[in-house]
Amino acid sequence: MAKKVMVITGGSRGIGAATAQLAASRGYAVCISYVSNASAAADIVRAIENVDGQAIAVRADVAREEDVLGLFEACDEAFGPVTALVNNAGVLDKATRVDEMTAERLNRIFITNITGSFLCAREAIRRMSHKHGGQGGAIVNLSSAAARLGGPGEYVDYAASKGAIDTMTIGLAKEVAAEGIRVNAVRPGVIYTDIHASGGEPGRVDRLKDMVPMKRGGDAFEVARTILWLLSEEASYTTGALVDVTGGR
Ligand code: NAP
């Protein structure tokens with residue numbers, strides 16, 4: 001069987017870390033990136049190696065093109081060309097209204113969440129596409145329910161960046177469909193991870209959970225299982241799909 005090699009951006013914590021562990025348990029060699037938390041990334045690599053999986057961690061800011069190039073080169077060297085990409089790295093900023101947002105904040109959100117995902121997709125396609133001599137592959141982009149809810153009063157900027165990810169998923173899926181590559185997106189709702197603390201409200205999931213039809217927040221592994229399904233042969237005729245993992249919200 002062909003070797004399964006996954007790149008997961010932002011694999012040191014949260015949904016990316018859960019995806020890395022699940023992927024390794026299903027036979028993928030996993031290359032995770034992180035931007036600042038080297039010890040969290042090392043913990044995930046150790047956890048994977050402890051159960052006889054294969055993983056490396058690479059410091060790579062997806063907002064910096066040279067870092068993205070280095071991430072995929074490190075993966076090439078360690079495991080060979082990527083066959084599955086999870087465009088997971090994403091950031092938000094403190095909850096605020098649009099009339100308070102600085103250009104610096106907007107640029108940071110957009111370059112990380114949008115440009116970063118495009119750059120990683122580009123590098124993956126250069127290795128996966130039949131057009132480039134590759135064996136095919138699959139990409140999953142992390143969007144958000146915020147793309148359709150809009151994030152009013154909290155982070156319309158972040159929500160808009162995820163709207164761009166939805167559009168990118170639809171367009172790119174069609175662009176590379178005949179080249180052996182499937183492209184899908186997962187749109188999580190409120191999931192228990194550190195991202196809410198970075199928005200200034202660590203207890204945000206518990207505040208919102210009663211608005212979720214299932215009356216609870218999600219677990220990172222519940223998102224990871226959907227990502228792994230979309231990347232697998234079980235989803236062989238699914239491309240350009242935006243899959244909500246939101247407890248019905
Ligand atoms: P998280 O817990 O805050 O973890 C973020 C991860 O991304 C960390 O591994 C972090 O690395 C990495 N990262 C941040 N900026 C980066 C950059 N510039 N370059 C490379 N890596 C970077 O986030 P999460 O909640 O798991 O979210 C993962 C994805 O799901 C994001 O795209 C997010 O928008 C989306 N999502 C999350 C939720 C939710 O409720 N949690 C809902 C909808 C969508 P360090 O450890 O080095 O900081």
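Trainee: What volume does the largest pocket have?
Mentor: The largest pocket has a volume of about 1,100 Å³, a pocket being an open set of points on a 1 Å grid over the protein atoms alone, where a 1.4 Å probe fits, with protein on both sides within 12 Å along at least five of seven lines. The volume is the space filled by probe spheres set on the points, which are joined across faces, edges and corners. This is a predicted model, in which local features need pLDDT of at least 70 and side-chain atom pairs count only at pLDDT 80 or more, while totals for chains, interfaces and linings use all residues. Residues are numbered from 1 along each chain as its sequence is written, and side-chain values use heavy atoms, leaving out hydrogens and water.

Trainee: Which residues lie nearest its centre?
Mentor: The largest pocket is lined by 46 residues (each with an atom within 4 Å of a point), and G90, V91, L92, Y158 and I195 are the ones nearest the centre. Among the elements that each supply at least two lining residues are α1 (14-25), β2 (29-34), α4 (103-128) and α6 (156-176), where helices are DSSP runs of H or I with at least four residues and strands are runs of E with at least two.

Trainee: And the second largest pocket, what's its volume?
Mentor: The second largest pocket has a volume of about 670 Å³. Of the 29 residues in its lining, K4, T83, G136, G137 and E233 are closest to the centre. Helix α9 gives the largest share of that lining, with 3 residues.

Trainee: Switching to β2, how many bridges join it to β3?
Mentor: The parallel strands β2 and β3 are joined by 6 bridges, whereas DSSP needs to find at least two for strands to pair. V30 has A55 in β3 as its bridge partner.

Trainee: Is A55 buried or exposed?
Mentor: A55, in strand β3 (residues 54-59), has a relative accessible area of 7% and is therefore buried, the cut-off being under 20% with a 1.4 Å probe and protein chains only.

Trainee: What is A55 in contact with, leaving aside neighbours within four places in sequence?
Mentor: Beyond those neighbours, A55 is in contact (heavy atoms within 4.5 Å) with V30, V45, I48, E49 and F79. By C-alpha atoms, A55 is separated by 24 Å from E234, which is 179 residues apart from A55 along the chain.

Technical notes:
Buried means under 20% relative accessible area, exposed over 50%, partly exposed in between (1.4 Å probe, protein chains only).
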